[in-house]
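Please read the points below alongside the sequence and the coordinates. They are set out as a colleague's note, going from the whole chain to single residues.

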Amino acid sequence: MIEFKYTREEENLDRLADKTIEQIKNNQYDNGLDGRVFYIELAHHGKDVVMRWIERT
């Protein structure tokens, strides 16, 4: 699962990335996927980027 978030305002990208991982889990975007699943989040503002990933347990 890959989720991209772009913000036009200067925002804490770390916090945005963490919120997006929770969004993927809460909305069950991975429902029906088998095998190893990774949640990958890219949050960016201009040239600043934060990437987070975790493996579904």
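Notes on the predicted model

1. Among contacts in the protein with a separation of 6 or more, 50% are between residues 24 or more positions apart, contact meaning heavy atoms within 4.5 Å. This is a predicted model, in which local features need pLDDT of at least 70 and side-chain atom pairs count only at pLDDT 80 or more, while totals for chains, interfaces and linings use all residues. Residues are numbered from 1 along each chain as its sequence is written, and side-chain values use heavy atoms, with hydrogens and water left out.

2. On confidence, the protein averages a pLDDT of 90, and 100% of the residues score at least 70, pLDDT being the predictor's confidence in each residue, from 0 to 100. Confidence is lowest in α1, at a mean of 89, and highest in strand β2 (residues 38-45), at 93.

3. The C-alpha trace spans about 35 × 15 × 15 Å along its principal axes.

4. Of the 57 residues in the protein, 26% are buried, where buried means under 20% relative accessible area, exposed over 50%, and partly exposed in between (1.4 Å probe, protein chains only). The protein exposes about 4400 Å², of which carbon and sulfur atoms supply 46%; accessible areas come from the Shrake-Rupley method with a 1.4 Å probe, and for residues only the protein chains shown count as cover.

5. How far apart are the mean positions of the 9 positive and 12 negative charges of the protein? They are 1 Å apart, with Lys and Arg counted as positive and Asp and Glu as negative, and His and the chain ends not counted. The place of a charge is taken as NZ of Lys, CZ of Arg, CG of Asp or CD of Glu.

6. The largest nonpolar core is made up of five residues, L13, L16, A17, A43 and V50, and helix α1 (residues 13-26) gives the most to this core, with three residues. A nonpolar core is here a set of buried Ala, Val, Leu, Ile, Met, Phe, Trp, Tyr and Cys residues joined through side-chain atoms within 4.5 Å. Not counting residues up to four places away in sequence, A43 touches K5, L13, L16, A17, D48, V49 and V50.

7. T20, which is placed in helix α1, counts as buried because its relative accessibility is 2%. Leaving aside neighbours within four places in sequence, T20 is in contact with E3, K5 and E41.

8. I54 belongs to strand β3 (residues 48-55) and counts as partly exposed, because its relative accessibility is 32%. Beyond residues up to four places away in sequence, I54 touches I21, K25, V37, F38 and Y39. From I54 to F4, 50 residues away in sequence, the C-alpha to C-alpha distance is 15 Å.

9. V49 also lies in strand β3, and V49 counts as exposed because its relative accessible area is 54%. With residues up to four places away in sequence not counted, V49 touches L13, L42, A43 and H44. V49 and E9 are 40 residues apart in sequence, and their C-alpha atoms are 13 Å apart in space.

10. Is E9 buried or exposed? E9 is exposed, with a relative accessible area of 60%, and its place is in the loop between β1 (2-6) and α1. The C-alpha atoms of E9 and Y39 are separated by 24 Å, the two residues being 30 residues apart along the chain.

11. I2 is found in strand β1 and counts as exposed, at 53% relative accessibility. I2 and L42 are 40 residues apart in sequence, with a C-alpha to C-alpha distance of 7.9 Å.

12. One backbone angle deserves a check: Q28, in the loop between α1 and β2, has a positive phi of about 55° although it is not a glycine. In general, most residues other than glycine have a negative phi.

How values were computed: Helix = DSSP H or I, 4+ residues; strand = E, 2+ residues; numbered from the N terminus.
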